[in-house]
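Please consider how the chains of the following assembly meet one another. The explanation below takes the interfaces in turn and then the relation between the copies.

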Amino acid sequence: MSLTADIFVHPNALCESVEVGCGTRIWAFAHVMKGAVIGCDCTVGDHAFLESGCRIGDRVTVKNQAMIWNGVEIDDDVFVGPGVTFTNDRLPRSPRMVFPPVAQRYADPTRWLRPTRIERGATLGARCVILAGVTVGAYAMVAAGAVVTRNLAAHSLAVGAPASRVGWTCRCGERLALVEANTWRCPRCSEQFKMDAAGECINPVQSY
Amino acid sequence: MSLTADIFVHPNALCESVEVGCGTRIWAFAHVMKGAVIGCDCTVGDHAFLESGCRIGDRVTVKNQAMIWNGVEIDDDVFVGPGVTFTNDRLPRSPRMVFPPVAQRYADPTRWLRPTRIERGATLGARCVILAGVTVGAYAMVAAGAVVTRNLAAHSLAVGAPASRVGWTCRCGERLALVEANTWRCPRCSEQFKMDAAGECINPVQSY
Amino acid sequence: MSLTADIFVHPNALCESVEVGCGTRIWAFAHVMKGAVIGCDCTVGDHAFLESGCRIGDRVTVKNQAMIWNGVEIDDDVFVGPGVTFTNDRLPRSPRMVFPPVAQRYADPTRWLRPTRIERGATLGARCVILAGVTVGAYAMVAAGAVVTRNLAAHSLAVGAPASRVGWTCRCGERLALVEANTWRCPRCSEQFKMDAAGECINPVQSY
């Protein structure tokens with residue numbers, strides 16, 4: 001990947017990365033730092049901020065004001081809602097505080113930086129907050145305003161602060177209905193799912 | 001309405017709309033898209049974003065970082081607090097995901113775009129989130145950080161996520177006190193209110 | 001303090017204040033208004049907004065999109081997380097509403113502006129909201145997404161909306177462990193704390 005004529009950068013945006021894929025559009029007042037990696041056919045909305053060290057797949061939608069830091073990895077087809085905030089430090093202090101344990105902690109990223117991952121096709125609703133170190137599973141849907149503090153299984157529908165799972169969602173985004181024991185079905189696209197043996201997540205009956 | 005000398009657009013703002021009323025001021029790093037309609041004597045704070053298709057009345061205060069999308073209608077005299085986020089899709093996915101039900105949904109706005117309305121004089125507190133499809137009644141006050149998932153009656157005071165009504169507010173913003181059976185009064189401006197016959201909202205004793 | 005060569009202002013930022021301390025860095029699309037006072041060795045992240053009348057100490061980290069208004073005072077060494085929103089009015093209405101009690105209230109700042117203070121070394125987590133009029137004590141840690149509606153004692157660890165205290169934190173940010181009756185200790189830097197006589201906050205055994 002490299003910056004080519006196929007990439008649109010709004011004249012009021014700031015794109016310092018040379019690792020942006022074809023077809024990606026970066027809108028006004030957004031800032032993509034050097035070293036941020038973005039795939040093809042993404043959109044990055046106004047006032048979004050992508051820090052050096054973040055990695056974003058293909059066809060990802062990053063809505064306005066989302067903040068994506070070093071250590072955050074976002075797979076293909078994810079929807080990052082408006083104002084979504086990632087974090088990469090569970091116990092932040094101002095790094096220049098004159099107190100040796102704080103200075104020591106920030107001298108070495110392995111002591112404070114915790115990676116976060118959002119798997120393929122997931123949705124992070126408006127203004128939700130993702131705590132450092134979690135993984136949000138594929139096609140999960142996090143409700144607007146939620147605070148995600150723990151991992152979420154694939155296809156989870158999660159709400160609240162801290163976020164907890166209240167249902168399951170289809171790839172298409174629709175909430176799944178329990179149609180018989182251990183079988184969920186999407187009312188929109190009819191895809192069917194069953195619980196895995198461990199009872200922790202659902203899987204499509206026909207793999208995709 | 002048209003852009004005239006009576007409209008102030010900060011040199012660091014971006015105003016592409018020609019439907020902005022007299023006396024309106026648009027501050028730094030704000031972005032008003034073509035087709036966004038704004039009335040007279042409004043203020044649009046720094047880093048706010050007003051998308052094509054939103055409609056805003058007169059004397060509205062849009063504080064910094066508010067995000068107002070296509071499908072959102074805001075009546076006169078509303079206060080949109082800092083960082084308030086609207087939404088216009090209840091089940092968003094990244095529209096370019098390679099999965100036909102998603103592509104079909106986003107091909108037709110009637111399948112995903114749900115309108116939202118904020119009625120005259122209401123207040124939306126700092127960083128609250130308004131889910132697509134709700135109506136917030138006149139002079140309602142939504143507390144900071146709330147997530148509004150259902151309609152709120154006029155004069156409601158609502159808090160939490162999901163937001164629920166915990167009291168009533170006066171036009172002036174003060175919380176109303178229950179002074180006798182079925183009578184609320186404002187301790188600041190003495191306006192009185194009674195419950196309507198359906199028991200769902202209060203109305204001023206003297207209409208305004 | 002005055003603007004000198006030791007201050008970095010990103011070419012896409014807007015710094016109108018002449019009261020910024022040495023070593024402070026202001027990043028892209030941030031806006032520091034005239035009359036905002038900032039100490040030395042601070043960082044102000046992208047898209048942050050510092051209004052006239054706010055006061056910020058030394059070595060403070062203001063992350064991206066934080067909004068700091070007139071009436072907010074932030075002591076040395078504080079960490080203001082990404083998207084943190086202060087407020088300075090408990091019952092806001094659009095000030096230009098045509099209703100005399102509202103016009104009267106906004107004609108005099110003593111009727112609506114409530115000061116807020118964040119004491120030395122505290123942390124305000126990502127996207128938290130601080131209601132007007134509260135004091136957050138020294139070295140307190142407010143969790144991501146919390147809504148602070150009441151004062152927090154020094155060294156409090158507070159979560160939720162409304163935020164409540166669920167533990168205590170060390171100066172270094174680590175959560176303190178109760179090691180014997182009325183004695184808490186930091187597992188990282190071994191500092192010890194005891195409850196004060198009133199039973200309302202903890203103090204370090206060796207003063208700092």
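**Interfaces and the relation between copies**

In this predicted model, 32 residues of chain B are in contact with 39 residues of chain A. The size of an interface is often given as the accessible area lost when the parts come together. For chain B and chain A that buried area is about 2600 Å², and carbon and sulfur atoms give 61% of it. Across this interface, 17 residue pairs are in polar contact, both residues being at pLDDT 80 or more, while the count of salt bridges between chain B and chain A is zero. On the side of chain B that touches chain A, helix α1 (residues 100-107) of chain B gives the most, with three residues. By class, that side of chain B holds 19 nonpolar, eight polar and five charged residues.

The next interface joins chain C to chain B, with 32 residues from chain C and 39 residues from chain B taking part in the contact. Chain C and chain B bury about 2600 Å² between them, of which 61% lies on carbon and sulfur atoms. Zero salt bridges are counted between chain C and chain B, against 17 residue pairs in polar contact, both at pLDDT 80 or more. Helix α1 (residues 100-107) of chain C gives the most to the side of chain C that touches chain B, namely three residues.

How are the copies related? Chain C is superposed on chain B by a rotation of 120° with 0.0 Å of shift along its axis, at an RMSD of 0.0 Å. The two copies are therefore related as by a three-fold rotation axis. The copies use different surfaces, as 19% of the contact residues of chain C recur in chain B.

How values were computed. Residues numbered from 1 in each chain as written. Chains lettered and ligands numbered in written order. Predicted model: local features only at pLDDT ≥ 70, side-chain atom pairs only at ≥ 80, totals over all residues. Heavy atoms only, no water. Contact = heavy atoms within 4.5 Å. Buried area = accessible area lost by both parts, 1.4 Å probe. Salt bridge = Lys/Arg side-chain N within 4 Å of Asp/Glu carboxyl O. Polar contact = N/O pair within 3.5 Å; in protein donor to acceptor, adjacent residues only side chain to side chain. Helix = DSSP H or I, 4+ residues; strand = E, 2+ residues; numbered from the N terminus. Nonpolar A, V, L, I, M, F, W, Y, C, P; charged D, E, K, R; others polar. Least-squares fit on C-alpha atoms with pLDDT ≥ 70 in both.
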